[in-house]
Amino acid sequence: DQPLAFSDIDLDALPGKIGAAVLRASDGAVIRPPTSPDLLSDHDLSILYRMLREVGDVIPDGEGLRKIEVSFQGGVRYTVALAGDGTGDGFLYIVKRRQATE
């Protein structure tokens with residue numbers, strides 16, 4: 001049984017991206033540091049990871065891929081996707097974006 005391999009997806013190509021990072025789902029370790037540390041900090045990542053663990057909805061056992069978006073006043077949105085192998089291990093892809101104006 002091979003561990004899930006990290007896939008270096010080009011998160012920088014996403015429209016409206018402010019910053020992006022990748023964490024290991026099992027322990028929150030930073031796999032790919034924030035692309036814009038002044039706009040998406042390690043502290044932000046730590047808070048998001050703790051929130052996701054406490055809610056238990058995004059990092060569940062037995063799921064392969066989950067996604068959640070959290071929006072804040074001021075036009076900022078976090079998109080978090082879990083690419084997992086169904087055992088609770090995997091990678092959290094986190095993107096901080098500006099919300100589209102309508």
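I count two strands as paired if DSSP finds at least two bridges between them. Helices (H or I, at least four residues) and strands (E, at least two) are DSSP runs, numbered from the N terminus. The model is predicted, so to speak of local features I need pLDDT of at least 70, side-chain atom pairs count only at pLDDT 80 or more, and totals for chains, interfaces and linings use all residues. Residues are numbered from 1 along each chain as its sequence is written, and side-chain values use heavy atoms, with hydrogens and water left out.

Entry on the strands. E1 pairs with E2 (residues 30-32) in the antiparallel sense over 2 bridges, and here Val-22 stands opposite Arg-32. The hairpin of E1 and E2 has 5 residues between the strands, and in it Gly-28 takes a positive phi near 80 degrees. E1 also pairs with E5 (residues 90-98), again antiparallel, over 7 bridges. There I found Leu-23 opposite Leu-92.

Next I checked burial (buried is under 20% relative accessible area, exposed over 50%, partly exposed in between, with a 1.4 Å probe and protein chains only).

Entry on the helix. I found Leu-45, Leu-48, Tyr-49 and Leu-52 buried in H1. They cover an arc of only 100 degrees around the axis, which puts them on the same side of H1; the arc is that of the directions from the helix axis to the C-beta atoms. The face turned away from the buried side of H1 carries exposed His-43 and Glu-54.
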